[in-house]
Amino acid sequence: MSSATQTTATAPIPLSSKPAGRASLGAKTACIRTFGCQMNVHDSDRIRRMIQDAGYAEVQRYEDADLVILNTCYVRENAVDRVKGHLGELNRLRREGRVKRVALTGCIGAAEESAALRETYDIDLVLGTHNTYELAEFVGLPTMRETYTPELPGTEGGHNAFVTIMTGCNYQCSYCIVPTVRGRMICRPMGSVIGEVERLVAGGTGYVTLLGQTVDAWRHEGKRFCDLLEAVSESAPRVWFTTSHPSNMEDRTLRAIGERDTLVKRLHLPVQSGSDRMLRVMHRGYKAERYRRKIEVFREAAPDGTLSTDIIVGHPGETEEDHEQTLRLVEDCSFDSAYIFKFSPRRGTEAASLPGTVPDAVVQRRFLEVLRLVEQNAFTRNQRIVGGEEEIYIRHGSTEDGKAIGETWSGHAVHVNTKAEPGNYVKARIESAGPHVLYAGEPGTLV
Ligand code: SAM
Ligand code: SF4
C-alpha cells in the first residue's frame, strides 16, 4: 500500500489568512486551524465571520484560545493523521485547563471517521460541510436557518477574496471521498454570485477567485460557466477560478482566458493520469487525447499563460505502461507546475477495495519520475521570462528579508523586493527563475 504523502512539484502561492478585520475584542478568544484546499480556507473565512460576530477575538495559538475550531480535510490519509496530532495536543491543553472547548468542522466532520475521533478525543462539537451554520448557536449567535453553504457570509474587506459558485460534485472518481463528504453539486445563482463580487469590489477587494470542486460544471437557468466568468470579469479587476474538470472545460472558456484582460492567464486542469486505461478505471470521463486538445487550445489562447494539474501515482492497477503514458503526457503538456499525489485509499471509495495495490517503492519511484519531469519542464519554461518586465500583483507583503510574494498576470509566483502592501501592483524585471518561482529585481515600481 502506498503512503499517503501529498507532495507538490510547485511552490503554490500561499493563500491569505485574513486578519480579523471585524473582531470586536472581548474576553472570549478563538483559534481556527485550517487543513486542506481553498474550499476549506474559504469555509474558515465564513467560520471566522461567525466567531467575530459572536464577540470572539481571533488568536493564533491554542494556549491563548477558549475555543479551538479545527476545519479539516479528508481527501488523503495524511490529512487525517495531522488532525489526530492536533487533537492529541488539544486534549493535553484541555487537561491543563488552557483550552475550554474544541469543535471539529469540515470534511472529516462529514465522514464516518468523526465518530471514532469523538470516542478517542475530547471534542465538543462535530459539524460537516453541510451544517456549518450550526456553529452559530454553539458560539452564542441566534440559531441560523438552514441554508445551503454558498449563502453563508463570506470574506469581506480583504484585498483578495474567494467566492463560492458551486458546492459538491456530481462525479464519482474511483479514489475520491469528496462527493461523500460534500454531497452533490449545487450551483449558486448568477445574480447571487455577481452581487457578492460587486459588494466585495466596492469594499476594496481587487482579486476574486471563483471556487468550487468543478467550477466549469456550473450551470444555472440556461447559463453556463463561461457566461458567469465573463460577467465576473467585467465586475472585478482581477479574476481567477479553480478547480476545473477536463470533461466540462469548454474551448470558449479557454479562449476567454486569453482574451479578457482581467482574467489571470493561469489554468489549473487536473488530469490525474496520462493512460486511457487508468482514466477509465478512475471514471474520469475523458481520454488523454481530449485533454491534450484542451491544452492546445489554452496554449494558443494564452501562449504566456501557466498551466498546472493534479496527478495521482500508484492508483490500484497502475502498470509500468500506464505510468509511461503519464510521463508522455507530462512531457507533451509541459506543465508549469503539478500537484503530484501518491494514491491514498479512502474507506468508502471504489478504489479502496480494488485489487492491484502498487508497492510503496514503486509508487515512490514513479512519484519522483513525474516530479523531476514536471520540474525540468517548468524550469525551462521559466527561463524564457527572465529579462522581461512584469506587472506583479502583491499577494503577501514583505517579510524581514524584504521580499514580498506576488503573482504575474500569467500566474507565475514571484519574489520581489518591495514594501508595497498586499493588493498593490508593482513593475519589476525578472532577474532569475527556478522551477517553482521567479525572482524579480529591485526596485519594484508602484503601478
Ligand atoms: N475536484 C477536483 C478535480 O476533480 O480535479 C479536485 C478535488 S481533490 C480535493 C484534489 C486532488 O486530490 C485531486 O485532483 C486528486 O489528484 C487528489 N486526490 C483525491 N483523492 C485522492 C486519493 N484518494 N489519493 C490521492 N490523491 C487524491
Ligand atoms: Fe473528486 Fe472527481 Fe469530484 Fe474532483 S471531480 S471532486 S476528483 S469526484
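How many helices and strands does the secondary structure of the protein come to? I get 12 helices and 22 strands.

**Confidence and overall picture**

I keep in mind that this is a predicted model. I looked up the pLDDT, and the protein averages 89, with 90% of the residues at 70 or above. One is residues 1-25, for which the model has 79 contacts beyond four places in sequence. The other is residues 146-150, with 16 contacts of that kind.

I started with α6, residues 190-202. Does the span agree with the helix length, or disagree? The 13 residues should span 18 Å at 1.5 Å a residue, and the end C-alpha atoms are 18 Å apart, so the two agree.

Next I asked which residues of α6 are buried. My list reads Met190, Ser192, Val193, Ile194, Glu196, Val197 and Leu200. I note that Glu196 is on that list. Among the elements that cover these buried residues are β7 (160-164), β10 (207-211) and α7 (225-235). The strands β11 (219-220) and β12 (223-224) are also part of the cover. After α6 comes Gly204, with a positive phi near 110 degrees.

The buried residues of α12 include Val363, Phe367, Val370, Leu371, Leu373 and Val374. Arg366, Asn377, Arg381 and Asn382 are also among the buried ones.

**Ligand 2**

Which residues are around ligand 2? I find Cys169, Tyr171, Cys173, Tyr175, Cys176, Val178 and Pro179, along with Gln213, Thr214, His245 and Arg284. By class, the shell divides into seven nonpolar, three polar and one charged.

**Salt bridges**

I searched the whole structure and found 32 salt bridges.

Glu77 and Arg346 meet through their side chains at 2.5 Å, N to O. Is Arg346 buried or exposed? Arg346 is buried, with a relative accessible area of 2%, while Glu77 counts as partly exposed at 25%.

Asp122 and Arg94 form another bridge, at 3.6 Å, N to O. Asp122 lies in the loop between α3 (113-120) and β6 (125-126) and Arg94 in helix α2, so this pair ties together parts that are 28 residues apart in sequence. I have Asp122 as partly exposed at 44%. Arg94 is buried at 18%, because buried means under 20% relative accessible area.

For Arg266 and Glu407, the closest N and O atoms are 3.2 Å apart. Arg266 is in strand β14 (residues 266-268) and Glu407 in strand β18 (residues 403-408), so the bridge ties together parts 141 residues apart in sequence. Arg266 is buried at 14%, and Glu407 is buried at 0%. I also noted that Glu318, Glu320, Arg365, Arg366 and Glu369 are joined into one network by salt bridges that share partners.

Where is the cis peptide bond? It joins Thr242 and Thr243, with omega at about 0 degrees. Thr243 lies in the loop between β13 (239-242) and α8 (251-259).

Gln272 has a phi of about 75 degrees and is found in the loop between β14 and α9 (276-281). Gln272 counts as buried, at 7% relative accessibility. His283 has a positive phi of about 60 degrees and is found in the loop between α9 and α10 (288-301). At 36% relative accessibility, I log His283 as partly exposed.

Note on methods:
Residues are numbered from 1 along each chain as its sequence is written. Chains are lettered from A and ligands numbered from 1 in the order in which they are written. This is a predicted model: local features need pLDDT of at least 70, side-chain atom pairs count only at pLDDT 80 or more; totals for chains, interfaces and linings use all residues. Side-chain values use heavy atoms; hydrogens and water are left out. Helices (H or I, at least four residues) and strands (E, at least two) are DSSP runs, numbered from the N terminus. The expected span of a helix is 1.5 Å times one less than its number of residues. Buried means under 20% relative accessible area, exposed over 50%, partly exposed in between (1.4 Å probe, protein chains only). Contact means heavy atoms within 4.5 Å. A residue is near a molecule or strand if one of its heavy atoms lies within 4 Å of it. Ala, Val, Leu, Ile, Met, Phe, Trp, Tyr, Cys and Pro count as nonpolar, Asp, Glu, Lys and Arg as charged, and the others, Gly among them, as polar. A salt bridge is a side-chain nitrogen of Lys or Arg within 4 Å of a carboxyl oxygen of Asp or Glu. pLDDT is the predictor's confidence in each residue, from 0 to 100.
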